[in-house]
Amino acid sequence: MIPEITDKNLYLLLPGKVSAVVELYVQNHGGSFLDGLRKFYNSSTYHRLENEQTKLWHLGPVGLYEEFIENG
C-alpha cells in the first residue's frame, strides 16, 4: 500500500525530483550542478513544489523543468 503524501512526508520525494530537474537545466543551459541547484532552490517553482497542496510533486522531471523554465 502506498502511503498518503502529506506536508509531513513530502520532503522524502523532493531530493530526487530536484536533482533530476537540475540535471536537465545544466544539460540545456550549461554551468555547474551547484549553480543550477541554487537557481532552482531560489525559484518560485521550488517554493510551490515544497507545498503539498499545489500538487506539483505529481509532475515528473520534464514537467517540473518546463514549469521552472516558464515560471521561474
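This dialogue covers aromatic pairs and salt bridges in a predicted model.

Me: What should I know about the numbering and the cut-offs on pLDDT?
Reply: Residues are numbered from 1 along each chain as its sequence is written, and side-chain values use heavy atoms, without hydrogens and water. Local features need pLDDT of at least 70, side-chain atom pairs count only at pLDDT 80 or more, and totals for chains, interfaces and linings use all residues.

Me: How is a pair of aromatic rings described?
Reply: By the distance of the centres and the angle of the planes. Rings of Phe, Tyr and Trp (its six-membered ring) pair if their centres lie within 6.5 Å; planes under 30 degrees apart are stacked, over 60 edge-to-face, the rest tilted. This structure holds four aromatic pairs. One of them joins Phe 40 and Phe 68, edge-to-face, at 5.0 Å centre to centre and 85° between the planes. Phe 40 lies in helix H2 and Phe 68 in helix H4, so the pair ties together parts 28 residues apart in sequence. Helices here are DSSP runs (H or I, at least four residues), numbered from the N terminus.

Me: Are Phe 40 and Phe 68 buried or exposed?
Reply: Both are buried. Buried means under 20% relative accessible area, exposed over 50%, partly exposed in between (1.4 Å probe, protein chains only).

Me: What counts as a salt bridge?
Reply: A side-chain nitrogen of Lys or Arg within 4 Å of a carboxyl oxygen of Asp or Glu. The structure holds three. Among them, Glu 67 meets Arg 48 at 2.1 Å, N to O. Glu 67 lies in helix H4 and Arg 48 in helix H3, so this pair links parts 19 residues apart in sequence.

Technical notes
Helices (H or I, at least four residues) and strands (E, at least two) are DSSP runs, numbered from the N terminus.
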